[in-house]
Amino acid sequence: MNITIDWLAFVEVFVAALTGAILVVGFYALGLRLLVRAGRAPVVAPAEFTDAITVITEKEARKAAKAAEKAARKSPLTQGQKNLALAGAYASFAMCALAVLGGILMLVLK
């Protein structure tokens, strides 16, 4: 019994996985950054987990929401620039979703 490894296929999969990871993380980070610039910083409600390492309290969540609201009011951007940043954020999230969908389709159709 002789086992052979197709190294070219291994390199193809490695490059595809690395490219996909870079695209997904890059577009997601860009989308979050543009979302914050648009004055819509995501505030996550506290979650209750039984064995969580860190759980924020309601007071901390209100404080974070207040800080995000204050930062949105202090934004030097005009309303048009905020709308453009918001559209860019949504486009970045869409590109992130397309990168994931493209990766799934490559796996299914291969």
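Ala, Val, Leu, Ile, Met, Phe, Trp, Tyr, Cys and Pro count as nonpolar, Asp, Glu, Lys and Arg as charged, and the others, Gly among them, as polar. The model is predicted, so that local features need pLDDT of at least 70 and side-chain atom pairs pLDDT 80 or more, whereas totals for chains, interfaces and linings use all residues. Residues are numbered from 1 along each chain as its sequence is written, and side-chain values use heavy atoms, without hydrogens and water.

**Exercise 1.** Determine how the axes of H1 and H3 are arranged.

*Solution.* Helices are DSSP runs (H or I, at least four residues), numbered from the N terminus. The axes, lines fitted to C-alpha atoms over the stretch in contact with angles from 0 to 180 degrees between N-to-C directions, come within 8 Å and cross at roughly 160° for H1 (residues 7-37) and H3 (residues 79-109). The two helices are therefore roughly antiparallel, the term for angles over 145 degrees.

**Exercise 2.** Classify the residues that form the contact of H1 with H3.

*Solution.* By class, this contact (heavy atoms within 4.5 Å) has 16 nonpolar, 3 polar and 2 charged residues.

**Exercise 3.** Describe the lining of the largest pocket by class and by helix.

*Solution.* The lining has 8 nonpolar, 3 polar and 2 charged residues, and H1 gives the most, with 8 residues.

How values were computed: Parallel < 35°, antiparallel > 145°, perpendicular 65-115°, else oblique.
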